[in-house]
Amino acid sequence: MSTLTKTEGETAPTGPESFLSVSDLRVRFSTEDGIVKAVDGLSFDVARGRTLGIVGESGSGKSVTNLTVLGLHNPKNTTVEGEIVLDGKELVTATEKEMEKLRGNKVAMIFQDPLTALSPYYTVGRQIAEPFMKHTGASKKEARARAIEMLTKVGIPQPKSRVDDYPHQFSGGMRQRAMIAMALVCDPDLLIADEPTTALDVTVQAQILDLLKDLQQEFGSAIVFITHDLGVISEMADDLLVMYAGRAVERGSTAEVLRRPRHPYTWGLLSSMPRLGGSIDQALTPIPGTPPSLLNPPSGCPFHPRCAFTGEVPGDRCSTERPPLGEGRAAACHLTAEQKQTFFIDKIQPRLR
Amino acid sequence: MLQFLVRRLIGAVVIMFLIGAFTFFLFYTIPQDFAELSCGKNCSPENIAVIRENLGLDKPITAQFWEFMTGIVAGRDFAQGHCSAPCLGMSFDSGEFVWDSIMDRFPLTLSLTVGGLVIFLILGLGSGLLAAWKRGTAADKLVSGASIVLSSFQIYFLGPIVLGILVYQSGIMENPSYKPFTENPVTWAIGLLIPWLVMATIFTAQYTRMSRSTMIEQLQEEHVRTARAKGMKQRYVFFRYAWRGSLIPIVTILGMDLSALLSGAVVTEFTFDLAGIGRLAVDSSLTKDLPVTMGVMLFGAFFILLLNILVDLAYAYIDPRVRLS
């Protein structure tokens with residue numbers, strides 16, 4: 001479930017059903033050049049059995065958010081404010097020991113590039129068995145049996161012999177399957193998938209997505225699916241969060257956001273994507289400008305320097321006032337609801353055909 | 001794996017032969033008659049002729065080379081007696097068999113190497129790991145700073161200072177000397193303690209810096225982050241995941257350092273007035289004693305090749321991607 005069903009005006013969206021609830025999360029890195037505001041006031045919820053998609057361009061804070069959920073940021077140069085509540089437990093203030101118990105157990109993560117994310121020095125079986133032994137106290141033998149079981153589940157042929165292979169003996173798709181097996185070995189309630197299909201070719205991509213969907217049905221886990229691929233997200237996610245410059249700019253059910261987007265940034269994302277049935281004469285429209293530096297993010301609405309619709313907002317609100325993201329289906333933009341609708345229908349939709 | 005070993009060993013023999021050939025023929029480009037050198041002041045043409053025959057210098061160069069190389073495998077007969085394999089010839093200067101003089105010196109060289117190795121590996125890797133683990137803290141800064149200062153020291157600078165303090169001024173220690181390990185391990189260790197420490201200081205500093213930087217690099221690897229994301233303990237991740245990857249550069253440098261030390265630690269030997277392989281090498285080239293130079297060169301080459309093969313085996317042990325199927 002998502003914040004969609006919440007009533008307007010409800011603050012701190014921690015409904016009883018939401019399993020992971022992030023509210024007003026702020027993550028800052030101190031670097032030699034200054035303080036990077038990687039995530040700036042982000043809130044979202046995910047319920048069991050649901051998939052939340054997070055889209056946005058590189059550096060929009062998607063991955064940082066989720067590394068922070070697991071506490072994998074570097075504590076020395078990172079400050080985290082706000083609340084991350086997982087199944088009623090506050091994670092921002094949790095100790096390293098408490099986090100160790102959660103990681104790989106209650107919350108697991110699938111990384112983007114399975115080649116670099118799996119250790120080249122240990123067998124696939126050992127890497128899958130390790131968290132199982134750690135979190136369940138299983139013996140080596142039991143853990144090995146479990147690793148074989150998991151490899152079977154994710155569709156690795158001949159799992160009994162493959163369990164002793166090293167990652168480099170696997171193909172790209174098999175490696176990602178092994179990575180998924182590793183993430184699911186302790187039946188996590190929350191699975192964070194950080195661009196799990198980006199490094200794979202398209203046919204393998206589809207297989208991995210199917211696999212994730214099947215496994216979600218079987219285990220009932222909540223999934224946070226991070227990607228910059230709108231095609232993938234429309235396959236996977238129930239709800240969608242669009243991020244820009246460390247903030248959420250639009251939120252809603254996936255179908256709603258993709259069919260009737262309300263934020264100029266989301267319009268830009270959709271217009272820049274090629275369409276299978278589209279006319280070849282229809283030029284793709286990139287979003288003008290470059291992504292903002294998070295060292296010194298633009299004032300007001302972070303998208304205003306690249307936005308074609310700032311003229312439609314009276315005064316200089318776009319550059320002075322940060323537009324709030326309302327509850328439920330919402331977009332953080334100063335345009336009025338009618339403007340959003342008419343501009344989308346008149347100017348954007350024709351380009352999407 | 002066996003096939004790999006056999007191939008490497010054959011390659012090593014070929015390289016040894018080439019090194020021998022190169023050294024031998026290079027030596028003969030020196031515009032000097034070796035017989036005249038060993039003849040002394042009152043030298044008559046007859047004397048020279050006798051010496052030339054004794055040393056085998058009357059034969060063509062290629063024949064001399066052939067005799068030298070076959071001697072290594074089969075042994076050779078000299079006027080002074082039989083030189084059994086591996087015969088590296090006979091010194092022009094002293095008339096000793098080269099293999100025997102190398103074997104006289106080798107225990108010292110081996111002792112220097114092993115003692116120094118134990119000290120610098122334990123201290124160097126230990127402090128490097130500590131600095132990486134405590135990265136950014138005062139302990140890290142102290143270790144890193146000290147290692148930069150110490151690694152810019154030289155043995156011939158540090159050595160005399162330590163000798164001056166410990167031996168000449170306070171008299172706590174005696175001048176370094178070699179006493180065989182087999183006779184008394186305690187006197188052996190005491191005799192070599194100063195050279196070990198001085199040599200190890202410089203190496204320790206290098207290994208500290210290297211292990212710290214490779215560990216920090218490895219800790220940023222994605223697979224190390226994955227291990228943490230699985231909930232593995234930080235210490236486990238540090239030693240099992242990051243350390244494993246750090247071993248490759250460390251083993252590489254260690255192999256090179258070890259083969260250099262085993263073929264003679266020239267500076268250390270001269271600084272502490274010890275007679276090891278390094279000193280033999282320098283002395284023999286100064287007196288243009290061809291067989292000794294050849295012998296020392298080949299002896300050193302042997303260690304370089306041996307350690308190369310050992311390092312390759314270590315790679316295969318550490319990193320399964322290197323293993324040959």
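I began with burial in chain B: of its 325 residues, 36% are buried, where buried is taken as 20 or more other C-beta atoms lying within 10 Å of a residue's own, with C-beta atoms placed from the backbone. The model is predicted, and local features are reported only at pLDDT of at least 70 and side-chain atom pairs only at pLDDT 80 or more, while totals for chains, interfaces and linings use all residues. Residues are numbered from 1 along each chain as its sequence is written, and chains are lettered from A in the order in which they are written.

I next looked up the overall make-up of chain B, which has 13 helices and two strands, these being DSSP runs numbered from the N terminus, with H or I of at least four residues for helices and E of at least two for strands. Along the principal axes, its C-alpha atoms fill a box of roughly 85 × 60 × 40 Å.

Then I turned to the domains of chain B, whose bounds come from an automatic or database domain assignment: domain 1 spans 16-87 and domain 2 spans 99-318. Taken over C-alpha atoms, the centres of domain 1 and domain 2 of chain B are 36 Å apart. Their contact takes 13 residues from domain 1 and 10 residues from domain 2 of chain B, a contact being two residues whose C-beta atoms, placed from the backbone, lie within 7 Å. On the domain 1 side, α1 (2-27) and α2 (34-37) of chain B each supply at least two residues, and the largest share, six residues, comes from α1(B).

Which residues have the most contacts inside the largest nonpolar core? I found A:A178, A:A181 and A:V242, in a core of 99 residues; such a core is a set of buried Ala, Val, Leu, Ile, Met, Phe, Trp, Tyr and Cys residues joined through C-beta atoms within 7 Å. Helix α7 (residues 172-184) of chain A gives the most to this core, with eight residues. A second, separate core has 40 residues, among them B:A131, B:I155, B:F203 and B:L247.

Last, I followed helix α9 (residues 222-229) of chain B, in which seven of the eight residues are buried, including B:H223, B:R225 and B:R228. The buried residues of α9(B) pack against β6 (107-110) and α3 (114-117) of chain A, and also against α8 (185-219) and α10 (234-262) of chain B. Just after α9(B), I noted that B:G231 takes a positive phi of about 95°.

Technical notes. A residue is buried if 20 or more other C-beta atoms lie within 10 Å of its own, exposed if 12 or fewer, and partly exposed in between; C-beta atoms are placed from the backbone.
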